[in-house]
Amino acid sequence: MCDKSKTVLDYTIEFLDKYIPEWFETGNKCPLFIFFSGPQGSGKSFTSIQIYNHLMEKYGGEKSIGYASIDDFYLTHEDQLKLNEQFKNNKLLQGRGLPGTHDMKLLQEVLNTIFNNNEHPDQDTVVLPKYDKSQFKGEGDRCPTGQKIKLPVDIFILEGWFLGFNPILQGIENNDLLTGDMVDVNAKLFFYSDLLWRNPEIKSLGIVFTTDNINNVYGWRLQQEHELISKVGKGMTDEQVHAFVDRYMPSYKLYLNDFVRSESLGSIATLTLGIDSNRNVYSTKTRCIE
Ligand SMILES: Nc1ncnc2c1ncn2[C@@H]1O[C@H](COP(=O)(O)OP(=O)(O)OP(=O)(O)O)[C@@H](O)[C@H]1O
């Protein structure tokens, strides 16, 4: 059932306000992850920032809360150029965006620090990287400085368009769409799923935005780029945005439906919201696992 007067933010906050107090009441020592997945431009960053502010208002006095996008872990511009060269025959890996174009060593280091498994157990902060998509005419680059978060981290919000996508075991699972350039991307996806959403050490709540028409991504992503250009005066042209989104379509085709159906992003519970092109909610489902 869906209440048309409620926004995506109303639903997500209701969901978090149900599960987070229960999490704290049980005296868990490990951080709680909030994984947030949805197609590009669907509003993950927009909503995450408001979730972050809401949680800071409620718990910020006593708890440490971090927020990052998987986009913040993109390779530096220089390293992306090297990847372009290394995979020069793979069109999907030319430029940032898909699994394989992130700095996995950095992601692993940040996770180790959050779990206090690093070589410096007396460290009292973790630095989350920041990525600037406007650099190099919209190709992007890592910002020189990141954001410091106090350790131990109690809640960590991580958002990304492919969080929860499960890679296909080639040769075991049959899938006609797993061909050509997607073979490399699928192989890269294992690193992410093992580290994040299939990692048994991580306890998480999942929030998923989905849509009945994946072509909505083109409009959403254009809106996002126009906003970026109005803020910082540079970014991609509309044609570049179209070509950019085209590179993601094979991944949506390969993984998205199974992922959304599985409602398995969060190890504790998953909220799935169907949103239309105006981001009005047309369906809502909650799956509680624990
Ligand atoms: N609920 C909303 N109401 C109004 N504007 C919104 C809403 N959600 C998103 N937007 C706007 O739509 C654009 C895309 O949103 P956002 O950047 O949050 O998407 P995203 O899912 O994080 O995309 P990406 O995966 O590409 O980073 C932005 O310009 C944002 O300000």
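Good morning. I shall begin with Gly180, which counts as exposed because its relative accessibility is 57%, and the cut-off for that class is over 50%. Please bear in mind that the model before you is a predicted one. Gly180 belongs to the loop that runs between β7 (155-160) and α6 (182-195). As a point of reference, consider Leu83: 97 residues of sequence separate it from Gly180, and the two C-alpha atoms are 17 Å apart in space.

I turn now to the ligand. Where does the ligand sit? It takes up the space of the largest pocket. Around the ligand there are 15 residues, and the closest are Gly41, Lys44, Ser45, Phe46 and Gln224.

Three of these names return when we examine polar side-chain atoms. In Ser45, such an atom lies 2.6 Å from an oxygen atom of the ligand. For Lys44, the distance from a side-chain N or O atom to a ligand oxygen is 2.7 Å. For Gln224, the corresponding separation, again between a side-chain N or O atom and an oxygen of the ligand, is 2.8 Å. The ligand on its own would expose 640 Å², of which the protein buries 83%.

Which helices each supply at least two residues of the shell? They are α2, spanning 44-59, and α7, spanning 216-232. The largest share comes from α7, with four residues.

Finally, the composition of the shell: seven of its residues are polar, six are charged and two are nonpolar.

Thank you for your attention.

Conventions. Residues numbered from 1 in each chain as written. Predicted model: local features only at pLDDT ≥ 70, side-chain atom pairs only at ≥ 80, totals over all residues. Heavy atoms only, no water. Near = heavy atom within 4 Å. Polar contact = N/O pair within 3.5 Å; in protein donor to acceptor, adjacent residues only side chain to side chain. Areas by Shrake-Rupley, 256 points an atom, 1.4 Å probe, with all protein chains shown as cover. 1 Å grid on protein atoms, 1.4 Å probe; cavity = no way out; pocket = protein on both sides within 12 Å on 5 of 7 lines; lining within 4 Å. Sits in = over half its atoms within 2 Å of the grid points. Nonpolar A, V, L, I, M, F, W, Y, C, P; charged D, E, K, R; others polar. Buried < 20%, exposed > 50% of the residue type's maximum accessible area, 1.4 Å probe, protein only.
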